[in-house]
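Please look through the notes below with the structure open beside you.

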Amino acid sequence: MSNLDLRPLSIGELLDRTFSLYRRNFLLFIGIAAIPHLLVLAVKLAQVAVMPLAGKVGAPPAAELQAASRSFVAGNPIAFAAFALLGVVIYLIAILFTQGGTVFAVSELYLGRATTIGQSFSRAKGELGTLFGVLFLNGLVTLVSFLLLIIPGIYMMCRLCVAVPAALLENLGPRDSLERSFALTKDNAGRAFLIYLLYFVILYAAVALFAMPFAIGVGVSQNDPVMVRTWTALSEVGSFAAEVLITPILTIGMAIFYFDLRVRKEGFDLQLMMNPLAGGIPAPRSATTLLT
């Protein structure tokens, strides 16, 4: 990617570059997504393993399982709550490392430098606090917008889509990164929407392919608790495969979208050409204003 053509991209070119970058560096991006989510999968499989078995094969269907589950939760409320909290924390950490690692990997490739999974994680590790703040504030703003009406929620999601790259690559705090994203995406919300739309279409197709058959197995095996557990575990594995394979597409796409917006609005390509040995991403001319 050292000879990457930095120029304003059409939406078709942007999507093509996203898939090309993913395909050429498949093991890098799939590793960044898979390694943190393996812990999430382990927790989910552990939850399935302790799922109570209700009765014998041929026992009354879902009612027995539901009754046993309620009994298990009522008898072990602290353990159940701790287990659930552990799952949420591990999932959050996985999201932070995956998004941070992917954005840093894309930035290195855009600068024509090689990178590794370990190097990407190392850089993301130092930005976990910032990442958490950006995602929390972004999610809060988007949620409030969705509560008002669906359309404002979608609009805000599209306007704040490059907050993570802005925070990580320009060393901005959560609030400044959201403001930066809102400024960069002005007049470009429609392009962000198309990226989101393609991502969700591919994601749901992957879930249908990898997880839906096992979910159907759960439905048709309600009289066999052992098979319900088996199909549920396989469904979790299928969902893991779908998420790991497809999630990098959105993160890579938004990182490339961030660079494209800077090329269009700030002459990022010219800044990089004038200072090729800087060793990092040239700061925008407005960065000092944002940080004050």
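1. R159 lies over the face of F182, 3.7 Å from the ring centre; a charge counts as sitting over a ring if NZ of Lys or CZ of Arg is within 6 Å of the ring centre and within 35 degrees of the ring normal. The model is a predicted one, in which local features need pLDDT of at least 70 and side-chain atom pairs count only at pLDDT 80 or more, while totals for chains, interfaces and linings use all residues. Residues are numbered from 1 along each chain as its sequence is written, and side-chain values use heavy atoms, with hydrogens and water left out.

2. How many aromatic pairs does a search of the whole structure find? The search finds ten, where rings of Phe, Tyr and Trp (its six-membered ring) pair if their centres lie within 6.5 Å, and planes under 30 degrees apart count as stacked, over 60 as edge-to-face and the rest as tilted.

3. One of these pairs is F97 with F121, which is edge-to-face, at 5.8 Å centre to centre and with 90 degrees between the planes. This pair links distant parts of the chain, since F97 belongs to helix 4 (residues 77-110) and F121 to helix 5 (residues 117-125), 24 residues apart; helices (H or I, at least four residues) are DSSP runs, numbered from the N terminus.

4. F132 is partly exposed, with a relative accessible area of 40%, whereas F136 is exposed, at 52%.

Notes: Helices (H or I, at least four residues) and strands (E, at least two) are DSSP runs, numbered from the N terminus. Buried means under 20% relative accessible area, exposed over 50%, partly exposed in between (1.4 Å probe, protein chains only).
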